[in-house]
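Biologist: I would like to learn how to read a few features of a model. Can we go through them one by one?

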There are 2 protein chains.
Amino acid sequence: MHKKAAGRCPKAGRRKQDMRSSQVSDEGQLSLRKAESRRRSATRAVTMADVAQAAGVSTQTVSRALRDPRSVGPDTLARIEEAVRETRYVQNLAASHLASNRSMTVAAIIPTISASIFAETIQGLTDVLLPEGYQVFLGHTDYMAAREESLVRSFSGRRPDGFFIIGTRHTQETTALLKRTGVPVVESWSWTNRPVDMLVGFSNHAALMSVVDHLVGRGYRRLAFTGVMKPGDHRAKERLKGFQDAHERHFPGVTPRVVTVTSGPMVMATGVELLKLVREQHPDTDAVVFVSDVLASGALLACSGLGISVPKDLAITGFGNYDIAGQLTPGLTTIAIASRRIGTESANLLLRRMQGSEVENRTQDVGFELLVRGSA
Amino acid sequence: MHKKAAGRCPKAGRRKQDMRSSQVSDEGQLSLRKAESRRRSATRAVTMADVAQAAGVSTQTVSRALRDPRSVGPDTLARIEEAVRETRYVQNLAASHLASNRSMTVAAIIPTISASIFAETIQGLTDVLLPEGYQVFLGHTDYMAAREESLVRSFSGRRPDGFFIIGTRHTQETTALLKRTGVPVVESWSWTNRPVDMLVGFSNHAALMSVVDHLVGRGYRRLAFTGVMKPGDHRAKERLKGFQDAHERHFPGVTPRVVTVTSGPMVMATGVELLKLVREQHPDTDAVVFVSDVLASGALLACSGLGISVPKDLAITGFGNYDIAGQLTPGLTTIAIASRRIGTESANLLLRRMQGSEVENRTQDVGFELLVRGSA
DNA sequence: GCATTTCATGTTAGCGGTCACGCGAACGCT
DNA sequence: AGCGTTCGCGTGACCGCTAACATGAAATGC
């Protein structure tokens, strides 16, 4: 809380570096001079001016040396580097951001961090962005459109250089906000013909259709779809729609069996519950299509205990190709998504745009892959 | 890229609000006057001055209204709120940060996002911090001390108001950097008597000892420890140490069986490999202690295929109480950690300190719980 | 050899907010 | 009525850094 002894030139304005020693060793110098000019409780932090003085150059030269070392003379550079080291200077990026109007940050908004499948995407995103000097802000919506909107709003205050967001369905206001920021935006994990800006995704609808096609091809006829369907989870809705549309194509006029709950945790135990629900409501079901591997593997694990033989009595499919899917016996038939790649591709798109170049393809379909294993 | 037409008062300095219309509709006004004062390619963004003008007050009043609505008169507040709405003003937090020396951010550093167990912690952290206006920066180290150091360094540039970090073992430089920031720091997921600042964790060592105690109590005598032990994963090392120490107490002089690999993905398939390795190197092993549930459940699932009866032929234990642990048959005996609570407690500690108050207990032991299920 | 370009560095004026303080009006108390 | 307080709002000076321009010396061109 100590104030620092600054010059008190009543007119000259900011003269400060001429007061400080070039070392940081004067910790706790409490000489609160009388005519001290008003001073906010500033950080005692080392500033660029300290480095400049230590190196005997102007702050501008320090700034240049930091952002592009080749733009200053080699010996000057060496002196500056030494000065940075001895003063333990850490650049204040907020000041840099304000002056340069580039924040070197990317805002990422995902439904939930806990779903390891999204975590992979974020890992991919940061793996590409961090080495380029960008930092990633993370927020999660818990599948609530209102939270997404408020996140976008509050993140906008940081003036990120780019947005990454999972999902393509937003409130009107969210879309407007995103567009107004004027920075590149990548939507992902879904598909739309009218992205806000860029898109790295795939069709959940088509993926589920391919699941149904496969099941029907294997001779299953009484298919049911089940899962936790949070109101804001549009990807789940698209999957359901894909199921319904494929079902209608194969069995025109037959009402598809759909058993969903709108809340509840996305855990394996929930999958077991849903399996039971399906069998209660539609006892003759011969194939259960789960909205996620988490639920499907819970159900699959429970089958032996319930006396159900998979895939003979019942086929089970999942979505996401989680780690567990390949470890179960029988293996879980599922849709594999290049989750990490969504992150890296998105980062690359953002990077190019943030660095000023245009990108040719603003939409990228990473596709999906039907992995047929023993469960169906 | 259009410059904006600003006042050119050669002396008065920033007079700008008197030039702009209060609406944002003058897009693209390209009147580059001759004597135009030098202008950087600034954002055309709405500033607080625009809002102030629209509301007929000073910027200071707008600032006050935004940060503490009760500090201005009710009708003034209403006018300002209306002005904010009509100008679509979004506060520039970088400027706020620079002026106020508070960034309203917390930097979080974790080993990997993909481990859902850490994701829970982050979710807890942000759930508490976001409503308070703090945003969370996330970085992952992939268990590399050097990356941790460089993350701390680059995050420091943002002048976060707090640090959250998983682990208590850092490079000397990392520790020094953290201390020098002068902001509150919470270390977590481990235990130490000399935390950098605050600590929310538990003893991995004690947890593993309780696992061994339990196994020995159940009559198992030939225990093996196995897992992926990345060089920078100190929590894994503490668990191993706990295993070894407990083993020594129960079987003095007997060399404990330890089978580890230093690299490889933390997936279930790796658990199967490790199980096979253990049985190759120590065929008479009757209990395998895994460093993580991921590996343990992989192994447990593989057992029936390998003709191993659990827990009769072989006991298996894990760590973390992942979702799957309770769904397997038999259930996986493991250590449960209040992973989410680590996040929320850490956030609360940080919050109090960031808001200026001291905290009485700078260390918090969230403990662990041995969950005995069928596998051991 | 002198004008022109290039290179390395310095100077000036902000970026968009907030802090400390000032000041007048309304309020409270004796 | 007189005077100290509180309340509501404005003024001026920065926060630490960088864009744009300026400058002088060395390198280059004809």
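Biologist: In which loop of chain A is A:Pro330 found?

Modeller: This is a predicted model, to begin with. A:Pro330 sits in the loop between β9 (315-317) and β10 (334-336) of chain A.

Biologist: What is the peptide bond from A:Thr329 to A:Pro330, cis or trans?

Modeller: The general idea comes first. Most peptide bonds are trans, and most residues other than glycine have a negative phi. The bond from A:Thr329 to A:Pro330 is cis, and its omega is near -5°. Chain B has a cis bond from B:Val310 to B:Pro311, with omega near 10°. B:Pro311 is in the loop between α11 (293-303) and β9 (315-317) of chain B.

Biologist: On to helices. At what angle do α1 and α3 of chain A pack?

Modeller: Two packed helices are described by an angle and a distance, both taken between their axes. Helix α1 (residues 48-55) of chain A packs on helix α3 (residues 74-87) of chain A at about 125°, and the axes are 8 Å apart. That angle makes α1(A) oblique to α3(A). The crossing is right-handed. From α1(A), the contact uses A:Val51, A:Ala54 and A:Ala55. From α3(A), it uses A:Arg79, A:Ile80, A:Ala83, A:Val84, A:Glu86 and A:Thr87. By class, the contact of α1(A) with α3(A) has six nonpolar residues, one polar and two charged.

Biologist: And between chains? Which residues of α4(A) and α4(B) meet?

Modeller: A:Ala94, A:Ala95, A:His97 and A:Leu98 of α4(A) meet B:Ala94, B:Ala95, B:His97 and B:Leu98 of α4(B). Six of the residues in this contact are nonpolar, two are polar and none is charged. The axes of the two helices come within 8 Å and cross at roughly 130°. α4(A) and α4(B) are therefore oblique to each other. Their crossing is left-handed.

Biologist: How much area do chain A and chain B bury between them?

Modeller: Interface size is often given as the accessible area lost when the parts come together. Chain A and chain B bury about 4,700 Å² between them, with 52% of it on carbon and sulfur atoms. In residues, 57 of chain A are in contact with 55 of chain B.

Biologist: How many salt bridges are counted between chain A and chain B?

Modeller: Zero between chain A and chain B.

Conventions
Residues are numbered from 1 along each chain as its sequence is written. Chains are lettered from A and ligands numbered from 1 in the order in which they are written. This is a predicted model: local features need pLDDT of at least 70, side-chain atom pairs count only at pLDDT 80 or more; totals for chains, interfaces and linings use all residues. Side-chain values use heavy atoms; hydrogens and water are left out. Axes are lines fitted to C-alpha atoms, for helices over the stretch in contact, and angles run from 0 to 180 degrees between N-to-C directions. Helices (H or I, at least four residues) and strands (E, at least two) are DSSP runs, numbered from the N terminus. Angles under 35 degrees count as roughly parallel, over 145 as roughly antiparallel, 65 to 115 as roughly perpendicular and the rest as oblique. A crossing is left-handed if the near helix is turned anticlockwise from the far one by less than a right angle, and right-handed if clockwise. Contact means heavy atoms within 4.5 Å. Ala, Val, Leu, Ile, Met, Phe, Trp, Tyr, Cys and Pro count as nonpolar, Asp, Glu, Lys and Arg as charged, and the others, Gly among them, as polar. Buried area is the accessible area (1.4 Å probe) that two parts lose on being put together, summed over both. A salt bridge is a side-chain nitrogen of Lys or Arg within 4 Å of a carboxyl oxygen of Asp or Glu.
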